[in-house]
Amino acid sequence: MHLYESKKGDRWVCAYCAQDEEEMIQDEGWKYLFDRDEQYLRCSICGEAEFIPED
Ligand SMILES: [Zn+2]
């Protein structure tokens, strides 16, 4: 899950939405902060948890 800093606070965005919403993220000027792979995190766009493949 990617963490972005938006004007309305920090937003978690999954890899799929980060790709799908790339234009919006750039238009809105969201600043990429860091990545964290945790099952409890939910994407602020699609509401889903990050898919974490098991070894
Ligand atoms: Zn998502």
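Let's start at one residue: Lys7 is exposed, because 7 other C-beta atoms lie within 10 Å (a residue is exposed at 12 or fewer other C-beta atoms within 10 Å of its own, buried at 20 or more, and partly exposed in between, with C-beta atoms placed from the backbone). Lys7 sits in the loop between strand 1 and strand 2.

The model is predicted: local features need pLDDT of at least 70, side-chain atom pairs count only at pLDDT 80 or more, and totals for chains, interfaces and linings use all residues. Residue numbers run from 1 along each chain as its sequence is written.

**The chain as a whole**

- The chain has 2 helices and 3 strands, where helices (H or I, at least four residues) and strands (E, at least two) are DSSP runs numbered from the N terminus.
- Along the sequence, these elements follow the pattern β-β-α-α-β.
- The radius of gyration of the chain is 11 Å, close to the 10 Å that the globule rule gives for 55 residues, so the chain is as compact as a globular protein of that length; the radius is taken over C-alpha atoms, and the rule is 2.2 Å times the number of residues to the power 0.38.
- Along the principal axes, the C-alpha atoms fill a box of roughly 35 × 20 × 15 Å.
- Of the contacts in the chain with a separation of 6 or more, 62% are between residues 24 or more positions apart (two residues are in contact if their C-beta atoms, placed from the backbone, lie within 7 Å).

- The 3 strands form an open sheet in the order 2-1-3, with antiparallel pairing; two strands pair if DSSP finds at least two bridges between them.
- Strand 2 (9–13) and strand 3 (31–35) are the edge strands, each pairing on one side only.
- From one strand to the next, the twist averages 30°, with axes fitted as lines to C-alpha atoms and angles running from 0 to 180 degrees between N-to-C directions.
- Strand 1 and strand 2 run antiparallel, joined by 5 bridges, and they form a hairpin with 2 residues between them.
- Within this pairing, Glu5 stands opposite Asp10 in strand 2.
- Strand 1 (residues 2–6) also pairs with strand 3 in the antiparallel sense, over 4 bridges.
- In strand 3, Phe34 is the bridge partner of Leu3, and Tyr32 is that of Tyr4.

- Buried residues make up 15% of the 55 residues.
- Strand 3 is hardly covered, with 0 buried residues among its 5.
- The largest nonpolar core has 7 residues: Met1, Tyr4, Val13, Cys14, Cys17, Ile25 and Trp30. Such a core is a set of buried Ala, Val, Leu, Ile, Met, Phe, Trp, Tyr and Cys residues joined through C-beta atoms within 7 Å.
- Leaving aside neighbours within four places in sequence, Trp30 is in contact with Tyr4, Glu5, Ser6, Arg11 and Ile25.
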